[in-house]
Amino acid sequence: MAEELHAPRRAATSAGVLLTVCLLCWAAVALAGPSAAVPDLGDGFGSVDLGLAPSSATVTVLLAVSVLSGGAGLVVGTRALARGWRPRRLLLLAAAGAVVLTLLPPVGSADHLSYAAYGRIAALGGDPYSQPPDAFAGGSDPVTSAVRDPWRSTTSVYGPVGGLAMALASLSGGDVVRTTVSGWQVLLLLVWAGTALLARRLVREPDRRARFDVLWTANPLLLTVGLGGAHADVLAGAAAVGTLLLARRHPLLAGVALAVAAGTKLPYGAVAVGVVVAAGTTGRLNLGWLLRGVVGSLLVLVPAHLWAGVHVYDQTRTASRYVSLATIWRPLVDAGMPRGVLLPGMVLVVLLVAVLWWPVLVRRGPLAPASFVPQAAGVSTVLAAGYLLGAAYELPWYDLLLWGPLALAAPARPLGAVFTAVLSGRLTLLALAYVPGLVDGMSEAVEAVTLGYRREVGPWIAWAALLVVLASSTISRLRVEKR
C-alpha cells in the first residue's frame, strides 16, 4: 500500500526533472545565439541571445538531450496519470518554461523567418501568395531578404487567417526581423496560455483535466519543438482544441476557432468532422446549432479569403507532392514510385487507422458512445493519427494536429495507453531526426550523423510506428469486445 501511495509522488518528481532538463537544454541552445540550430535574427529589440556562436556538435548534443528527456518525461507523465497523479507544480514549471522560450530566439528551423517575410509582404500591401520573398521589393527588403534557402523563392503555403496573423506580427516589428519574430512568439504564447486556461475552465472532471495538462499544456515536446520553434502549428493546434472545447455549448465561437485552425493550416479542419460526428451521436446535431457554427466560420473565412485572393492555395497544391525524408513514402519514391500514388496512399492509411482504432478512441465500450467532447476529440484523433502516419511530408511540429485532440479524448483503458505510448515514441524519434534543424551551418561530421539518421533511419521509424499502431489495434479491439 505504501508503495502505491508513493508511486505518483516519484512520478511527479521524475516528470518534473525530465521537463526541466528538456527546457534547459533547449533554452541553452537558444540563448547561445546563431548556430546550426538558430538562424541569426540580426539586431533590434526582442529576444535575447549571447552571440556565442556554438559549434554544430554542441547544439546537436544539447538538442538531442532535450528531445530524449522530453520524450521520456511525456511517457513518465502519461503512465503516472493511470496511478492518480494530478499535475500542479508541473504546470507552473511548464508555464515558466513557455515564457522563457518566448524571450529567446526560436530553435530548430528557419520557418519563423518565412512567417516574418510573408507578414511583411502582406503588411506592405503585397501578396505573399503570389510574390516570393526574394522577388519582393527587388530582393532588398530587410525582412524578406532574411529568409533562408530553400524557401527564398517560395510563396506562402499557409491559409489566409495565418497570413493575417503573420501580418499582425509584422506590424509590431516593422523592418526589424528580431522584433517581428518576437511579436509572433508573443502571439503564440498568448494562444497557448489561452487554450490551457480555457481547458481548465471547461474540462471539469479531474482525471480528464489532468490528462490534458500532461499531454498538451505541459507536454515537453510540444513546448520545445512547437512553441520553442515558434511554429504556425501552435496557432492552428490551439484553435483546433478551442473548437473541440467550445462546440457543444458555444457553436458560434467554435466556428470562429475552426476558421482560425483551418484558415492557418488546412489539415486542422479535421476537428470539424469530429464535432459533427459527436453532435450526431449525442443528439446535439440540429439545424440551428449547425448554422451557428457555419456562421462563425464564415465570419472569419470569407473576409480572410477575400483579402488573400485567388492564389491563396497555389503553393498548397504544389506542396502536396513534396516528400520529406523521415516518412513511409520516401524509400518508395526514391525507388521510382509515382508521386500520384501519395494522396490515395495517405487516404488508405487514414482509413485503416480509423477502422481499427475507432472502438478504442471514439467509444468507451463496444456500443456506448462517449460524451460530446471526448467523442469529438476521439474522432479527430483517429483522423489526425492516420494523416500523420501516412503523410508524404511530415515534420515534428506537425504533431500539434494530434496531441490536442488526443489530450481531450477518453480512450478505453489500458488500451489507449498503447496508442499514446507508440505515438510518444514516434514523435521523440522524429524530432531527433530533425536536430539541429537548419540546412546549413553543420560540420561534415554532424551532417553525416544527423542527415544520415534522417535519411536512413527516419523512414523505418515511420514504418515501424505505422505497423505497430495497426497491429496493436487488433489486440485492442479483441479486448474491447470482451469488456
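**Figure 1. Cys-25 and Cys-22 lie too far apart for a bond.** The sulfur of Cys-25 is 7.9 Å from the closest cysteine sulfur, which belongs to Cys-22. That is too far for a bond, because a disulfide needs two cysteine sulfur atoms within 2.5 Å. This is a predicted model. The structure holds zero disulfides. Cys-22 is in no disulfide, and its nearest cysteine sulfur is that of Cys-25. Are these two cysteines buried or exposed? Cys-22 has a relative accessible area of 0%, so Cys-22 is buried. Cys-25 has 12% relative accessibility, so Cys-25 counts as buried. The cut-off for buried is under 20%.

**Figure 2. Asp-213 is a buried residue of helix H7.** Helix H7 covers residues 206-217, and Asp-213 is found in this helix. The relative accessibility of Asp-213 is 4%, so Asp-213 counts as buried. Which residues does Asp-213 touch, not counting residues up to four places away in sequence? They are Pro-87, Leu-91, Arg-200, Ala-218 and Asn-219.

Figure 3. Helix H11 spans residues 271-281. Its buried residues include Val-271, Gly-274 and Val-275. Ala-278 and Ala-279 are buried in H11 too. Why are these residues said to be on the same side of H11? They cover an arc of only 130° around the axis, which puts them on the same side. What covers the buried residues of H11? The cover includes helix H9 (232-246) and helix H10 (251-262). It also includes H12 and helix H16 (372-390). Look past the helix as well. H11 is followed by Gly-283. The phi of Gly-283 is positive, near 80°.

Figure 4. The patch has an area of about 590 Å². Val-276, Leu-285, Leu-290, Val-294, Leu-298, Val-302 and Leu-306 make this patch. Which helix gives the most to the nonpolar patch? Helix H12, residues 287-308, gives the most, with five residues.

**Figure 5. Leu-290 is a partly exposed residue of the patch.** Leu-290 lies in helix H12. Leu-290 is one of the residues that make the nonpolar surface patch. How does Leu-290 count: buried, partly exposed or exposed? Its relative accessibility is 36%, so Leu-290 counts as partly exposed. Patch residues need over 30% relative accessible area, and Leu-290 has 36%.

Methods: Residues are numbered from 1 along each chain as its sequence is written. This is a predicted model: local features need pLDDT of at least 70, side-chain atom pairs count only at pLDDT 80 or more; totals for chains, interfaces and linings use all residues. Side-chain values use heavy atoms; hydrogens and water are left out. Patches are made of residues with over 30% relative accessible area and no salt bridge: like charges are joined within 9 Å, nonpolar side chains (Val, Leu, Ile, Met, Phe, Trp, Tyr) within 5 Å. Accessible areas come from the Shrake-Rupley method with a 1.4 Å probe; for residues, only the protein chains shown count as cover. A salt bridge is a side-chain nitrogen of Lys or Arg within 4 Å of a carboxyl oxygen of Asp or Glu. Helices (H or I, at least four residues) and strands (E, at least two) are DSSP runs, numbered from the N terminus. Buried means under 20% relative accessible area, exposed over 50%, partly exposed in between (1.4 Å probe, protein chains only). The arc is that of the directions from the helix axis to the C-beta atoms. Contact means heavy atoms within 4.5 Å.
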